[in-house]
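Student: Could we go through this model by question and answer, keeping to what can be computed from the atoms?

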Amino acid sequence: MAVLLGALLATVARAQPAPSQEPEPQQPPREIAELELESLLELPVVSSTKEEQRGAQTPAVVSVISGEEARNRGCTTLAEALLYIPGLYDVYDLVTHNMGIRGINGGIRASGNILLLLIDGYPVDYRPTTGNSFGEELIPLELVERVEVIRGPASALYGPNAFLGVVNVITRGGEELEGLRLVGHGGTVRLHPAGGGGLVVGGAEGSLELALGLSAFRLDRSGLGLPSSSPVLQEPLSPVPSRAPSRDDIAQPKSFFGKATVGTTGTGRVQLLASLQNLDSASEFNELAALTHGTRVAALNQNYRLAYLLEPSEKVALELTGFFLHGAPTGAGQLDTGRPDYVFIPEAGVVGFGGSAEGRWAVHPTLALTGGVDFVHENHLLLHWDRL
């Protein structure tokens, strides 16, 4: 979806000064490139050290794209916004986005699982596959303040899954939203109607701050076919030509994100975060059963976190966090093999909980020490298939 912005240019004629008057000295114009560089260096960044710093101080290659910039460009997904960052690319099969950096990704069906995806500093990957959601199902884009991207390994600070880098989505606060907003999107995909929308509400009253958002889309991509160079078409027994093009290729992603904060920084504050991603999409171009017209990927991913932040001084901070997560396919998912007597239902899932304690001490304006401990317990049901 594209957003067209028009600009109105106005010129103002000024009277020439009288000969007896000396014109005021004019300041030389500043270069646009200089202004952009200065503004980028002043942007706040938290992902590289988990401490807010100026962009010029970060010890990593960090790129920042603001939520306003992404929305003005017509983006409806995080994946679309990330494509404006140099070095990032997306392999999209109309179900999941396999994001990569500098020509490297996790391989087939990886869903960007070697790129750590965070919302407000907390991971939200789909644990049964360790993949990430970069589409409409991740978060309502109206809630995004900015996106910080570390291009390069960051496992020393963030642990596993940060082999290629880190994508940290920073959300807007309730005080900034201050009210109710309805957002709608509409268009066509190969003449099929497509669209969706979202509801965002936020506000602050005293020591309480609240921000909530939800979104839902419906996209019909029917009528697409495989390119003639596809290796699937070269197989002698390939059933694809008789079934092309795609049919009933409908995606209905939904997302919800909310956070509530109570207290002030000086006396400590408590924050509750809830994030739900519902991926529901036909899978006409997967490598297992291309164009069988019956395969569907459907999963629900949930993350809940309760955090207590105490900052007794400007140099010392302590954060205690507890979390619960659950992820599993929904009843709508199935794998169509091309035979009506062999339709398979995926069975997988994870339930987990844990906690962490982290302390930070700013020893010097250029030196901060961070230490912590964490505990995670997860029960996994490994992927297997039940015959329908």
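Predicted model: local features only at pLDDT ≥ 70, side-chain atom pairs only at ≥ 80, totals over all residues.

Student: What share of the residues counts as buried?

Tutor: A residue is buried under 20% relative accessible area. The chain has 388 residues, and its exposed surface comes to about 21400 Å², with 59% supplied by carbon and sulfur atoms. The share of residues that count as buried is 40%.

Student: Among contacts with a separation of 6 or more, what share comes from residues 24 or more positions apart?

Tutor: A contact needs heavy atoms within 4.5 Å. Taking the contacts in the chain with a separation of 6 or more, the share from residues 24 or more positions apart is 61%.

Student: Which element gives the most to the largest nonpolar core?

Tutor: The largest nonpolar core has 34 residues, and Leu-78, Leu-82, Leu-117, Phe-134, Val-147 and Val-167 have the most contacts inside it. At least two residues each come from α3 (78-82), β5 (97-101), β6 (115-119), β8 (144-151) and β9 (165-171). With four residues, the element that gives the most to this core is α3.

Student: Which residues does Phe-134 contact, leaving aside neighbours within four places in sequence?

Tutor: Phe-134 is one of the residues with the most contacts inside the largest nonpolar core. Leaving aside neighbours within four places, its contacts are Thr-77, Leu-78, Ala-79, Leu-82, His-97, Met-99, Ser-111, Gly-112, Leu-115 and Leu-117.

Student: How many residues are in the second core?

Tutor: The second core is separate, and Leu-116, Ile-150, Ala-162 and Val-166 are among its members. Its residue count is seven.

Student: Which strand gives the most to the lining of the second largest pocket?

Tutor: The second largest pocket holds about 1200 Å³ of space. Its lining has 46 residues, with Val-95, Thr-96, Arg-109, Ser-111 and Val-297 nearest the centre. At least two lining residues each come from β4 (88-92), β5, β15 (268-282), β16 (296-310), β19 (343-364) and β20 (367-387). The strand that gives the most, with six residues, is β16.

Student: How does the lining of that second largest pocket divide by class?

Tutor: Gly counts as polar and Pro as nonpolar in this division. The lining of the second largest pocket then has 24 nonpolar, 17 polar and five charged residues.

Student: How many cavities of 30 Å³ or more are there, and what is the volume of the largest cavity?

Tutor: A cavity is a set of points where a 1.4 Å probe fits but cannot get out. The count at 30 Å³ or more is two. The space in the largest cavity is about 80 Å³.

Student: Which element supplies the largest share of the lining of the largest cavity?

Tutor: Of the 14 residues that line the largest cavity, Tyr-92, Val-95, Glu-136, Glu-137 and Ala-251 lie nearest its centre. The lining has seven nonpolar, three polar and four charged residues. The largest share, three residues, comes from β15.

Student: Which strand gives the most to the lining of the second largest cavity?

Tutor: The second largest cavity has a volume of about 70 Å³, and its lining includes Ile-119, Tyr-122, Phe-257 and Asn-303. Both β15 and β16 supply at least two lining residues. The strand that gives the most, with three residues, is β16.

Student: Is Arg-109 buried or exposed?

Tutor: Arg-109 lies in the loop between β5 and β6 and has a positive phi of about 60 degrees, although it is not a glycine. The cut-off for exposed is over 50% relative accessible area. Because its relative accessibility is 59%, Arg-109 counts as exposed.

Conventions. Residues numbered from 1 in each chain as written. Heavy atoms only, no water. Buried < 20%, exposed > 50% of the residue type's maximum accessible area, 1.4 Å probe, protein only. Areas by Shrake-Rupley, 256 points an atom, 1.4 Å probe, with all protein chains shown as cover. Core = buried A, V, L, I, M, F, W, Y, C linked by side-chain atoms within 4.5 Å. 1 Å grid on protein atoms, 1.4 Å probe; cavity = no way out; pocket = protein on both sides within 12 Å on 5 of 7 lines; lining within 4 Å. Points joined across faces, edges and corners; volume = space filled by probe spheres on them.
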